[in-house]
Amino acid sequence: MCAQRQSEDVIALNFHESCLRLSDVELLKGPHWLNDQIISFYFEYLEKRVFESEPDLLFVSPEVTQCIRMVSREEVGIFLDPLRATERAFVFFALNDNQAADRAGGTHWSLLVFSRPEKAFYHFDSSHNANVDSARQLVSVLARPLRCPDAQLRTGDCLQQSNGYDCGIHVLCTVDVVTKQIRKSGQVAGVRSARYDVIRSKRDLLLETIVQLGGRIK
């Protein structure tokens with residue numbers, strides 16, 4: 001649940017372990033960069049509602065992904081074991097270029113997807129592979145704890161963003177197309193990138209989802 005922020009920043013939605021405040025919701029209404037809370041909420045919504053009956057899919061919150069990046073390989077299990085990550089066929093990580101372990105931040109989001117059937121990690125980056133170094137570093141930390149030490153890093157087909165703030169929206173829309181591909185073929189290979197019209201409509205769809213779950217958006 002929510003830690004206290006400013007008292008006037010009221011809660012917009014509590015959903016399982018995710019909490020959105022009105023300040024988070026406001027990020028969906030304009031040309032704003034998405035924060036950890038919005039992405040964590042969407043990942044939990046996918047896990048608890050959309051793919052509730054599909055335990056092969058795991059969506060790791062940005063906060064946990066950031067912690068994994070900052071610890072040694074020997075410590076990664078502290079974060080992965082409670083999620084039963086080694087039992088999952090596909091694991092999704094929202095990757096941020098933030099280099100600080102103790103605070104939120106960063107300037108760019110991309111998506112890393114582990115595919116156990118293909119023994120591969122797929123990196124989807126909407127800004128000319130800007131996060132590729134962070135992706136390589138995360139793969140080097142994750143491969144052995146996920147019991148796939150020989151997994152290769154592949155570059156996924158990803159629509160390129162047309163502005164400086166929609167990288168988080170691209171991540172969420174890419175998650176959608178990748179999960180559809182997995183349902184269709186049992187693998188990530190062959191996935192087609194999201195379309196610009198889908199990117200443009202995603203913020204409104206997220207606001208609708210929040211309202212449908214009993215939240216408030218104003």
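Start with two helices: select α3 (residues 62-70) and α5 (residues 132-142). Helices here are DSSP runs of H or I with at least four residues, strands are E runs of at least two, and both are numbered from the N terminus. The two axes come within 9 Å and cross at roughly 75°. Each axis is a line fitted to C-alpha atoms, for helices over the stretch in contact, with angles from 0 to 180 degrees between N-to-C directions. So α3 and α5 are roughly perpendicular (65 to 115 degrees; under 35 is roughly parallel, over 145 roughly antiparallel, the rest oblique).

This is a predicted model: local features need pLDDT of at least 70, side-chain atom pairs count only at pLDDT 80 or more, and totals for chains, interfaces and linings use all residues. Residues are numbered from 1 along each chain as its sequence is written, and side-chain values use heavy atoms, without hydrogens or water.

Now show the side chains at the crossing. From α3, pick T65, I68 and R69; they meet S134, Q137, L138, V141 and L142 of α5. Contact means heavy atoms within 4.5 Å. By class, this contact has four nonpolar, three polar and one charged residues.

Next, the largest nonpolar core, with 46 residues. Such a core is a set of buried Ala, Val, Leu, Ile, Met, Phe, Trp, Tyr and Cys residues joined through side-chain atoms within 4.5 Å. Select F41, F59, F92, F124, L172, V178 and V188, which have the most contacts inside the core. Helix α6 gives the most to this core, with eight residues. Zoom to L172. Beyond its neighbours within four places in sequence, L172 touches L34, I39, Y42, F43, K202 and L206. Another core lies apart, with 21 residues, including A85, L112, L138 and L146.

Stay on α6 (residues 167-185) and pick T174. T174 is buried, at 6% relative accessible area (buried is under 20%, exposed over 50%, partly exposed in between; 1.4 Å probe, protein chains only). A polar atom of the T174 side chain lies 2.7 Å from the backbone oxygen of H170. Leaving out neighbours within four places in sequence, T174 is in contact with L111, F124 and C158.

Last stop: G156, in the loop between β7 (152-155) and α6. G156 is buried too, with a relative accessible area of 13%. Outside four places in sequence, G156 is in contact with H123 and F124.

Note on methods
A polar contact is a pair of N or O atoms within 3.5 Å; within protein, one must be able to donate a hydrogen and the other to accept it, and residues adjacent in sequence count only if both atoms are side-chain atoms. Ala, Val, Leu, Ile, Met, Phe, Trp, Tyr, Cys and Pro count as nonpolar, Asp, Glu, Lys and Arg as charged, and the others, Gly among them, as polar.
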